[in-house]
Amino acid sequence: MLQPITGYHRDDEDHWVAQLACGHNQHVRHDPPWQNRPWVTTAEGRTRMLGFKLACKKCDEGAPADEQPPSPPREND
Ligand SMILES: [Zn+2]
């Protein structure tokens, strides 16, 4: 199910996690050459992708909502 990005936070390993409107979270790693999401490495890029729809497998599986902590203050590194 396609769900728009409503925010971001970082996980324990400093990977970016997108928060989706459905209440689920999804990793948005920039890990070339396998996963190319250079936009996630900058605050500007992340802001630009707000509202972009990602396919949410957790919705398809009927998974319970994830915890969605607020974005960290260190937005730029
Ligand atoms: Zn979902």
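**Notes on the predicted model**

1. D14 counts as exposed, because it has 9 C-beta neighbours inside 10 Å and the limit for an exposed residue is 12 or fewer. The structure under discussion is a predicted model. D14 is located in the loop between β1 and β2.

2. The backbone of D14 deserves attention. Its phi is positive, at about 70°, although D14 is not a glycine. Most residues other than glycine have a negative phi. The hairpin of β1 and β2 in which D14 takes this positive phi has 5 residues between the strands.

3. β1 and strand β2, the latter covering residues 16-20, run in the antiparallel sense and are joined over 5 bridges. Within this pairing, G7 stands opposite Q19 in β2.

4. Which other strand pairs with β1 in the antiparallel sense, over 3 bridges? It is strand β4, residues 53-55, whereas β1 itself comprises residues 2-10. One of the contacts can be named: P4 has K53 in β4 as its bridge partner.

5. Most peptide bonds are trans. P33 is situated in the loop between β3 (25-27) and α1 (43-48).

6. Is E67 buried or exposed? E67 is exposed, because 8 other C-beta atoms lie within 10 Å and the exposed class extends to 12 or fewer. E67 belongs to the segment after α2 (57-61). The C-alpha atom of E67 is separated by 7.7 Å from that of H24, although the two residues are 43 residues apart along the chain.

7. At the level of the chain, there are 2 helices and 4 strands. Read from the N terminus, the order of the elements is β-β-β-α-β-α. The radius of gyration is 12 Å, close to the 11 Å that the globule rule gives for 77 residues, so the chain is as compact as a globular protein of that length. The C-alpha trace spans about 35 × 30 × 25 Å along its principal axes.

8. Two further values describe the chain. Of its 77 residues, 12% count as buried. Among the contacts between residues at least 6 apart in sequence, 50% join residues at least 24 apart.

How values were computed
Residues are numbered from 1 along each chain as its sequence is written. This is a predicted model: local features need pLDDT of at least 70, side-chain atom pairs count only at pLDDT 80 or more; totals for chains, interfaces and linings use all residues. Two strands pair if DSSP finds at least two bridges between them. A residue is buried if 20 or more other C-beta atoms lie within 10 Å of its own, exposed if 12 or fewer, and partly exposed in between; C-beta atoms are placed from the backbone. The radius of gyration is taken over C-alpha atoms; the globule rule is 2.2 Å times the number of residues to the power 0.38. Two residues are in contact if their C-beta atoms, placed from the backbone, lie within 7 Å.
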